[in-house]
Amino acid sequence: MVKFLDIIFNTGIGVALLGFISASAMFLIWWERKVSAWIQNRFGPMRVGWHGLLQPIADAVKLLLKENISPASADKLVWWLAPFFAVVPAVMAFICMPFDKNLIARDLNTGVLFMIAITSICVFGIFMAGWGSNNKYSLLSAMRAVAQIISYEIPLTLSVLTVLMFANSLSMQDIVRAQSKYWFIVYPNLTIAFIIYIISATAEVNRAPFDISEAESELVAGFHTEYSGMKFAMFFIGEYTNFFIISAIAATLFLGGWQGPFLPPVVWFLLKTYAIVFLLMWVRWTFPRVRVDQLMAFAWKVLTPIAFVNLLIAGLFLIKTR
Amino acid sequence: MQSVNFFEVIRAKFPEALQEESTQAIIIPKEKLLTLARFLKTHEPEFDSLHCLTAIDRKERIEVVYIFCSLKAKASLTLKVYLNINDLKVESLAGIWKAADWFEREVYDLFGVTFLNHPNLKRILNPDDWQGYPLRKDFTHPNIVKKP
Amino acid sequence: METALKESKCITTEEFLINMGPQHPSTHGVLYLELKLDGEVALGCTVHLGYLHRGMEKIAESRTLTQFIPFTDRLDYIASMNNNLAFVLAAEKLLGLEVNARAKYIRVVIAELNRIASHLLGIGCFAQDLGAFATPLFYCFRDREKIVDIFNELCGNRLTYNYMRIGGVQFDFTKEIEIKIKEFIKYMSNKVNDYEWLLSGNVIFLARTKNVGVLLKEVAINYGVTGPNLRASGVKWDLRKDEPYSGYENFQFDIPTGINGDSWDRYKVKLEEIKESLKIIEQAIGALPEGDPTVKAGRQHKLPVGEAYMRSENPRGELGFYIAGDGSFNPYRLKIRPPSFSNLSVIAELVKGCKIADVVCILGSLDIVMGEIDR
């Protein structure tokens, strides 16, 4: 009986999370369009709902109703599976997302490790899509994506590692609690780690200026050139969910997560997350795209050494203060 | 076109050169084109740019028109080669001015003039399997309707 | 690393061909580049043209000169006014017509306004090709819109103007238009700095454009490259100064040139030319002579037996018209010498050894318009 209740409870959590994820992805899509419009002297979506608020729903309905076209020469199995690999890991990362003191699906004691591991699986989705499409542009894009994501994983993990040394735990909730006095970002080491994290996280989710795997002016649309309808929508949702996740991780690791005065913790969490989301949108709509060799050189020659040195200094600092 | 000044210079070196009355363009036999082109490129005022290359269909002959331009001396020169309609072959200038490459392909495409020793003489504007040379006066195509 | 891989023979690599175009977001129309790639590096490219070929030169042979003016709009549709001007100048040269001073000045004002509009679009599309998600493009369109509005008020069209006439222009400037143009000069002088802020100082933009697609001076001249692309390679050559037409000799302006001939210089020259064009417009609109610049509609000209070639400085380079007359109303032969045609021919030289992203960057910096290449 207890087990049965447990299943119902877990299913409930799953449904709630899925609901939140789709709502958040839709909101982010709408907001991105609005922010870009604001930057570019436009209105953005205005017709569907108040200031186009229902536009993502209209888009989703349109995409659902579209015909499912698959290229004749595609590797069918890989091609069909790819969108799931783009979405499922992103959804799974929400398992240890601390919205509030108690509002967390599972507070794993290896939470951060789980998050980083699970979000990296997205690269499989991109690579499968690029390979399965049997399209040269998509293949090039997939190669770029793999190279890019694996390279940026290193500075990203190193910067997270710095945080873990300060927090002394891998659990997301413990990290938040460790910031009850000061946010981690106020420590100079962690400020650097934050900057490194934001840069590599932008690259991790393939957003401009590191969107070389999508690069519509070079590779048309990269790995999802051949996808249409709901499969395309799944890539889209996966992309925006990942975008939310990296911002949420940044908010949790560096900006004190759900902690904050006056307002309810969930609101604080979302506020901080959306502040970082806005920052990344601002960057996206302002900067041109970097070239693939510059991108790799930046990861290996600039970010990784700085992250290493930063980690070392943080270690020395902690030894001294303890 | 300040071709008048250069005509005497060219005439001294190439006695075969003539001057066209109406346009002041210099006419050179096609055998001499390559040597004259090299001469123009290297001697004062150094026509370093082939500005334009085209052709005119005069029914019994096709005139290939070259317009050279010297950036240094701010001068330009119009050169013509008359080709008999039965022998549309002339040396390519692509080895001297790279600009000639595409211009000559265009003239080949639209007029059917063959440029000898051209690196890649293929149709440029029309499809590769196009029949006929559209800018010739005798070009016919089922889609062309004569104006009443 | 790539060479090491090849030498070790553990992994066999092969070159592959990729079709960039005819439908591709950044080939500026319907250009088809057949790129030969080794991984990310382009080894060479073959250019296929003709997707927009409309046989304009053949059409011209069955039209009178006046009837052909609207066709010139469709050559370089970004700078229709300049095309109009180049064509009527060639026609006037063949016919031996003189144009009165006011018409000349109006033509200069209009041509320079359209040059600004064209360069704005060139810069905007270039930034778009570099992946700057449309923001610079929208800024450019915002400013271009002001020019288009002026043209709309002047001649009723927004893209294909058909404004210049053989012997003059279609409509005279009204007082309102003069005021609008003066306001635009003030507006644009400030706005040019926006681009400096948004692009010229951007680290990524600099990294992407500096030393990319270096076009050497000698190569540029040899390929017949003209316009801003030639000037970016360090050649101080501008027909407005070197072979003045339509009264350009009366105005004070500089010719901006580049140093290295890379994509950055091509961008910078365009930006500087906008400033110079503003200077010219200011001088011309301030000293607009009196007179009637308009020409009666429907006037046809009988062409003399003879040939005339006239070129003028378009935003993209030197647009030339070679008109041969045979005593009838229609030209016997009309050759259009489009600047983009020669400018594009240099691409095979430039893309060797570049990354794919650089190919797009070079193509954007050359600022071609397929409408005039294919004609």
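Me: How many bridges join S6(C) to strand S7 of chain C, and do the two run parallel or antiparallel?

Reply: Strands of a sheet pair through backbone hydrogen bonds, in either a parallel or an antiparallel manner. In this predicted model, S6(C) and S7(C), the latter spanning residues 317–325, are antiparallel and are joined by 9 bridges. Within this pairing, Glu307(C) is found opposite Ala324(C) of S7(C).

Me: Which strands make up the open sheet in chain C, and in what order?

Reply: The open sheet has 3 strands in the order S6-S7-S8, with antiparallel pairing. Its edge strands, each pairing on one side only, are S6 and S8, the latter comprising residues 333–337 of chain C. Direction ignored, neighbouring strands are turned by 10° against each other on average. Between S7(C) and S8(C), which are antiparallel, there are 5 bridges, and Phe321(C) stands opposite Ile336(C) in S8(C).

Me: Where do the side chains of a strand point, and how many residues of S6(C) are buried?

Reply: In a regular strand, side chains alternate between the two faces of the sheet. As for cover, S6(C), residues 306–314, has 9 of its 9 residues buried. Helix H4 of chain C, residues 80–95, lies across S6, S7 and S8, and it runs at about 150° to S6(C).

Me: Turning to helices, at what angle do the axes of H8 and H10 of chain A cross?

Reply: Two packed helices are described by the angle between their axes and by the distance between those axes. The axes of H8(A), residues 188–204, and H10(A), residues 229–254, cross at roughly 170° and come within 11 Å. H8(A) is therefore roughly antiparallel to H10(A), since angles over 145 degrees count as such.

Me: Which residues of H8(A) and H10(A) meet?

Reply: From H8(A), the residues are Leu190(A), Ala193(A), Phe194(A), Tyr197(A), Ile198(A), Ala201(A) and Thr202(A); from H10(A), they are Ile246(A), Ile249(A), Ala250(A) and Phe254(A). By class, this contact comprises 10 nonpolar residues, 1 polar residue and no charged residues.

Me: What area is buried between chain A and chain C?

Reply: The size of an interface is often given as the accessible area lost when the parts come together. Between chain A and chain C, about 2700 Å² is buried, and carbon and sulfur atoms give 61% of it. Ser217(A), Pro288(A) and Arg291(A) supply 22% of the area that chain A buries against chain C, more than any other three residues. The contact involves 27 residues of chain A and 35 residues of chain C. Of the 2 pairs of chains in contact, however, chains B and C share the most contacts. Chains A and B do not touch, and 25 Å separates their nearest C-alpha atoms.

Me: Is Gln40(A) buried or exposed, and which residues does Gln40(A) touch?

Reply: With a relative accessible area of 1%, Gln40(A) is buried; the cut-off is under 20%. Gln40(A) belongs to the loop between H1 and H2 of chain A. Not counting residues up to four places away in sequence, Gln40(A) touches Trp285(A) as well as Phe133(C), Ala134(C), Thr135(C), Phe138(C) and Tyr139(C).

Me: Finally, what is the phi of Asn206(A), and what is that of Arg375(C)?

Reply: Asn206(A), a residue other than glycine, has a positive phi near 55°. Asn206(A) lies in the loop between H8 and H9 of chain A and is buried at 5% relative accessible area. Arg375(C), also not a glycine, has a positive phi of about 55°. Arg375(C) is placed in the segment after H16 of chain C and counts as buried at 2% relative accessibility.

Conventions
Residues are numbered from 1 along each chain as its sequence is written. Chains are lettered from A and ligands numbered from 1 in the order in which they are written. This is a predicted model: local features need pLDDT of at least 70, side-chain atom pairs count only at pLDDT 80 or more; totals for chains, interfaces and linings use all residues. Side-chain values use heavy atoms; hydrogens and water are left out. Buried means under 20% relative accessible area, exposed over 50%, partly exposed in between (1.4 Å probe, protein chains only). Helices (H or I, at least four residues) and strands (E, at least two) are DSSP runs, numbered from the N terminus. Two strands pair if DSSP finds at least two bridges between them. Axes are lines fitted to C-alpha atoms, for helices over the stretch in contact, and angles run from 0 to 180 degrees between N-to-C directions. Angles under 35 degrees count as roughly parallel, over 145 as roughly antiparallel, 65 to 115 as roughly perpendicular and the rest as oblique. Contact means heavy atoms within 4.5 Å. Ala, Val, Leu, Ile, Met, Phe, Trp, Tyr, Cys and Pro count as nonpolar, Asp, Glu, Lys and Arg as charged, and the others, Gly among them, as polar. Buried area is the accessible area (1.4 Å probe) that two parts lose on being put together, summed over both.
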